[in-house]
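This briefing goes through one protein model by topic, for reading alongside the sequence and the coordinates.

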Amino acid sequence: MTTLWDKKFENDSASLEKWLYGKQSLTGSTRQWFIDEVKVWPKGTALLDAGCGGGVTAYHLLEQQLLSNISYTGVDASQCMLNLAKKKIKHQNVNWVLSPLDALNYPNKFDKVLLRAVIEHNLDPEPILKSVANVLKTNGVLYIIFWNNPVFTGEPKIKKIEDGFYDNSHSMETVLRVLQASKVDLIHKEFIKEKSENSNERLVTKFRKKS
Ligand SMILES: C[S@@+](CC[C@H](N)C(=O)[O-])C[C@H]1O[C@@H](n2cnc3c(N)ncnc32)[C@H](O)[C@@H]1O
């Protein structure tokens, strides 16, 4: 699977690094909201960062001395994103996997899964949501941080950037329906303003998998 990121950055990793690590918006409030959650997890918690990109979340976990307490797996379909992640984060508790998210084969393996700014780039969120629900243990928690807030009533807003790459606002109804069918229920939602941007508030959510 060659992603748009690979086409854009495969011969220019320095620009990718500058874009991801030199930009205030990517170190902002929604990511810190997630990192504050990690601070209270029990030792050994297994986290899957689904669509981990260039590893910015793992980088902040490392900076805030939280990686030693957890087992972190980052999965992404983009080789150049993973190359950057591997370069920036070196830690024994970290594992990187090149894979599309709808092909994850780790049933009941993770205590927590993070999807941050990921489903928006897919035409159909359903296969990804089913796949991450499947890798969660019973009572495990799925965090979805929406970069484009979902549509709460009415039709999703589908924006095609190029073949296989989108910038969507999916419908919350679809997200809830697919997850509920996989026994994963919404337990928390709040809007957070990215302090570094003059953007709208972004939706951060938590779901728990039932037995
Ligand atoms: C906007 S970036 C966000 C990266 C990271 N979650 C963060 O918050 O910094 C989206 C990432 O998700 C990955 N991604 C999107 N859809 C995917 C899919 N279906 N399978 C695997 N990776 C996917 C992309 O390759 C990209 O690296």
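A residue is called buried if 20 or more other C-beta atoms lie within 10 Å of its own, exposed if 12 or fewer do, and partly exposed in between, with C-beta atoms placed from the backbone. Helices (H or I, at least four residues) and strands (E, at least two) are DSSP runs, numbered from the N terminus. The model is predicted, and local features need pLDDT of at least 70, side-chain atom pairs count only at pLDDT 80 or more, while totals for chains, interfaces and linings use all residues. Residues are numbered from 1 along each chain as its sequence is written.

**Helix H4 and what follows**
- In helix H4 (residues 56-63), the buried residues are Val 56, Thr 57, Ala 58, Tyr 59 and Leu 61.
- Just after H4, Gln 65 adopts a positive phi of about 55°.

- Two residues are in contact if their C-beta atoms, placed from the backbone, lie within 7 Å; when residues up to four places away in sequence are not counted, Val 113 touches Leu 48, Ala 50, Val 132, Val 135, Leu 136 and Leu 142.
- Leu 47, which belongs to strand E1 (residues 45-50), is buried because 26 other C-beta atoms lie within 10 Å.
- Not counting residues up to four places away in sequence, Leu 47 touches Ile 70, Ser 71, Tyr 72, Thr 73, Phe 110, Lys 112 and Leu 114.

**Helix H6**
- The buried residues of helix H6 (residues 126-135) are Ile 128, Leu 129, Ser 131, Val 132, Ala 133 and Val 135.
- These buried residues of H6 pack against E1, strand E4 (110-116), strand E5 (136-145), helix H7 (172-181), strand E8 (184-193) and strand E9 (201-209).

**Helices H2 and H5**
- The axes of helix H2 (residues 13-21) and helix H5 (residues 79-88) come within 10 Å and cross at roughly 70°, which makes H2 roughly perpendicular to H5.
- Axes are lines fitted to C-alpha atoms, for helices over the stretch in contact, with angles running from 0 to 180 degrees between N-to-C directions; angles under 35 degrees count as roughly parallel, over 145 as roughly antiparallel, 65 to 115 as roughly perpendicular and the rest as oblique.
- Ser 13, Leu 16, Glu 17 and Leu 20 in H2 meet Cys 80, Asn 83 and Leu 84 in H5.
- Met 81, also placed in helix H5, counts as buried because it has 26 C-beta neighbours inside 10 Å.
- Apart from its neighbours within four places in sequence, Met 81 is in contact with Trp 5, Gly 53, Gly 54 and Asp 76.

**The ligand**
- Of the 20 residues around the ligand, those that come nearest are Gly 51, Gly 53, Ala 77, Leu 101 and Arg 116, where near means that the C-beta atom, placed from the backbone, lies within 6 Å.

**Exposed positions**
- Gln 92, in the loop between H5 and strand E3 (94-98), is exposed because 8 other C-beta atoms lie within 10 Å.
- Asn 108, in the loop between E3 and E4, has a positive phi of about 55° although it is not a glycine, and with 11 C-beta neighbours inside 10 Å it counts as exposed.
- Asn 139 lies in strand E5 and has a positive phi near 70°; with 10 other C-beta atoms within 10 Å, Asn 139 is exposed.
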